[in-house]
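This report describes aromatic rings and strand sheets in one protein. Look at the sequence and the structure below before reading on.

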Amino acid sequence: MRVGLQTMELREYQWEVIEPALEGKNIIIWLPTGAGKTRAAAYVCKRHLESRAKSKVAVLVNMVPLVDQHIKNEFSFLKNRFNIEAISGDSIQKMIFSDVVKKNNLIICTAKILQNALDSQDEDVHVELTDFSLLVIDECHHTHKETTYNKIMQHYLEHKLKGQKNLPQILGLTASLGTGGASSLEGAQDHILQICANLDTEKIMSSEKYKFYLDTRIPQPKKQYDLSDPRLRDPFGQQLKMIMTEICTYLDLPSLSTDFGSQTFEQQVVDLLKEGAKEFCQKIRVCALHLRKYNDALLINDTVRMIDAFNALDEFYKLENAMKVLHHPAERHLVEIFGRNRAELLALAEDKSYENPKLEKLQQVLQDQFQELKSSRGIVFTRTRQSAHSLHQWLQDNRALCELGIKAAVLTGAGYSNQIKHMTQQEQQNVIQNFRKGALNLLFSTSVAEEGLDVPECNIVVRYGLMTNEIAMMQARGRARAPNSICSVLAKTNSKEVSREKLNEDLESLMERAIKRVQQMPQHEYCMKIEKLQLEAVACHRVRVAEREQRHQLHDPDSVRLYCLNCNVAVCHGSDLRKIEKMHHVNINPNFRFYYRKSFGDVVIARQFKDWKPGSSISCNTCGQAWGMEMIFQQVTLPMLSIRNFVVETPDGRNTFKQWSKVTFDIKEFDHVEYCRTNGLLDTQED
């Protein structure tokens with residue numbers, strides 16, 4: 001029975017699980033995917049807004065596509081009675097979030113927007129948790145460690161333990177709390193209790209009275225293992241390994257593993273990259289960088305087509321030649337090695353007789369599904385954006401599959417990647433909408449579509465060569481909602497992926513047992529454990545904050561120097577740097593402009609920012625190493641730097657960082673008036 005949106009009817013098991021929430025209690029609703037958790041939550045929101053004066057609700061999601069999905073589906077019926085607004089990263093309304101909250105009864109937004117608003121000093125953006133009377137946290141199993149959800153709940157727990165009144169009611173939704181990496185029942189129970197403590201949960205609610213109905217009426221896909229044989233011969237991969245051996249011989253490091261294509265080798269190369277950067281040894285750093293690209297090519301070769309692996313390598317060397325000035329002999333030598341082997345690699349990559357057997361198996365799975373049922377819709381989950389795009393290209397080049405009427409697209413995350421162009425939020429929404437209405441019938445997706453994407457007609461899900469945890473397994477399986485649907489695990493016979501999938505099945509059972517133990521725990525014992533875990537969580541958070549503050553005071557900014565990662569030219573001091581909006585790091589020294597060159601066009605970012613817009617990308621004037629981009633902030637153009645492109649030298653030595661938050665010196669906030677006065681811009685701007 002499909003219930004009407006206007007009447008908002010619920011099934012019996014939904015009434016059962018929301019009962020404590022209707023009484024104002026903090027709960028987690030734990031129901032299988034497809035059982036209508038969001039609908040149940042929407043009804044709780046409706047009753048909350050109707051029955052409580054000055055009530056205000058925030059529905060938090062962890063994926064941008066879910067903002068649009070919720071406002072158009074389960075929460076749409078509330079629009080006639082309440083003021084509702086949906087806000088995600090692309091929305092200009094996040095710049096006036098405080099005002100949007102004041103004017104609306106219910107906000108649907110990504111958790112990051114709320115976290116930024118809680119931390120912001122801008123009165124147009126800042127809100128307090130007490131501005132809300134109910135927080136709905138979708139996919140609440142993510143409320144742990146340093147996730148955005150948990151940072152929001154750390155605000156909550158800090159206030160709670162200080163005796164703050166009028167904190168919002170918390171309603172968590174999940175199909176899969178997971179085991180937190182534990183393999184024992186005791187460890188899994190501790191993980192569940194920690195999630196409950198983080199969410200200040202009084203009860204985990206699942207259906208007891210109507211469990212038989214859920215088990216028999218909510219469609220669950222049939223699981224099958226589609227296993228491919230290993231490659232009998234892999235001359236392309238062997239050629240890559242021969243080149244890597246030549247580079248290792250040139251590097252002359254006997255301790256370096258030759259287990260090419262493995263995680264062990266990957267980690268060794270990453271460590272070498274850091275060592276080479278810190279020691280200003282360009283030979284080590286450059287060789288490590290190129291070895292990593294060849295290792296990536298081996299992994300791509302193992303996942304998709306040989307030509308995809310070749311193209312990734314070829315693109316890297318084209319960029320090296322186009323963007324960098326190859327000063328160092330090692331750079332020139334490595335470019336020469338690839339040039340010498342390029343033609344042979346391309347010839348091997350184009351030889352179909354050595355193609356990846358996994359692709360043949362995937363073709364068979366898709367043919368079986370789409371031949372039998374012309375109305376089929378499916379999702380193929382893969383690990384990386386690169387492999388999603390490669391699989392899409394493989395399908396477009398596959399006449400047999402195209403003749404079946406398969407209309408495919410790629411769905412990946414909206415975050416930035418150095419290697420593959422990210423999707424804008426609008427592009428994501430367009431793909432999902434076309435998939436829902438049938439204009440597309442197959443998606444090649446990364447994990448962005450694992451959680452919450454609601455397509456009732458989806459009847460085939462393929463987990464393609466994935467090694468994930470039990471939560472990702474359960475979430476991906478839950479995308480197959482149609483009756484008689486299939487969840488295929490496609491991997492090599494006797495592979496690590498198969499072993500991990502079998503383990504995940506055991507961990508799912510372990511999770512269910514652990515949740516039952518928590519649900520059956522005596523109330524007094526449960527409350528004691530939750531209180532203890534909350535006190536520990538707040539104490540640990542305070543220690544981390546103190547350590548972060550101490551770390552930023554370790555070195556005087558004047559004593560810190562930044563060097564180009566690639567050519568080791570000294571380019572600025574730590575005291576030349578400033579922060580804008582606590583996240584953008586710029587150099588305010590006017591002489592810094594002599595150290596970089598600009599691209600001809602501006603960087604295109606498909607979203608708007610309140611006080612700034614992107615300018616040109618910038619790179620080292622000496623070697624061409626990318627450094628970041630210019631930002632035009634309140635009419636002033638400033639170079640904005642990415643810390644990963646520099647070596648940082650302090651009195652204690654040199655280091656590299658992936659994030660600005662990890663540096664060991666303080667960076668002051670940017671003062672616009674002071675900058676304009678110092679650089680003689682104030683009078684000009686006033687005119």
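## Aromatic pairs

Searching the whole structure gives 14 aromatic pairs. Rings of Phe, Tyr and Trp (its six-membered ring) count as a pair if their centres lie within 6.5 Å; planes under 30 degrees apart are stacked, over 60 edge-to-face, and the rest tilted. In the pair W15 and Y43, the ring centres are 5.0 Å apart and the planes stand at 75 degrees, so this pair is edge-to-face. W15 belongs to helix α1 (residues 12–22) and Y43 to helix α2 (residues 37–51), so the pair ties together parts 28 residues apart in sequence. Helices (H or I, at least four residues) and strands (E, at least two) are DSSP runs, numbered from the N terminus.

W15 counts as partly exposed because its relative accessibility is 36%, and Y43 counts as buried because its value is 9%. Buried means under 20% relative accessible area, exposed over 50%, and partly exposed in between (1.4 Å probe, protein chains only).

## About the model

The model is predicted: local features need pLDDT of at least 70 and side-chain atom pairs pLDDT 80 or more, while totals for chains, interfaces and linings use all residues. Residues are numbered from 1 along each chain as its sequence is written, and side-chain values use heavy atoms, without hydrogens and water.

One aromatic cluster is formed by F592, Y595, Y596, W627 and F646.

A charge sits over a ring if NZ of Lys or CZ of Arg is within 6 Å of the ring centre and within 35 degrees of the ring normal. K358 lies over the face of Y464, at 5.7 Å from the ring centre. R654 lies over the face of F280, at 3.8 Å from the ring centre.

## The sheet of seven strands

An open sheet with parallel pairing has seven strands in the order β3-β4-β2-β5-β6-β1-β7. Two strands pair if DSSP finds at least two bridges between them. At the edges are β3 (84–87) and β7 (203–205), each with a single partner strand, so one side of each has no neighbour in the sheet. Strands β1 (residues 27–30) and β6 (residues 169–174) run parallel and are joined by four bridges; I29 stands opposite L173 in β6.

## The sheet of four strands

Another open sheet has four strands in the order β15-β14-β22-β23, and its pairing is antiparallel. The edge strands are β15 (570–573) and β23 (653–655); each has a single partner strand, so one side of each is left without a neighbour in the sheet. Four bridges join β14 (residues 561–564) to β22 (residues 646–650). L562 has V648 in β22 as its bridge partner.
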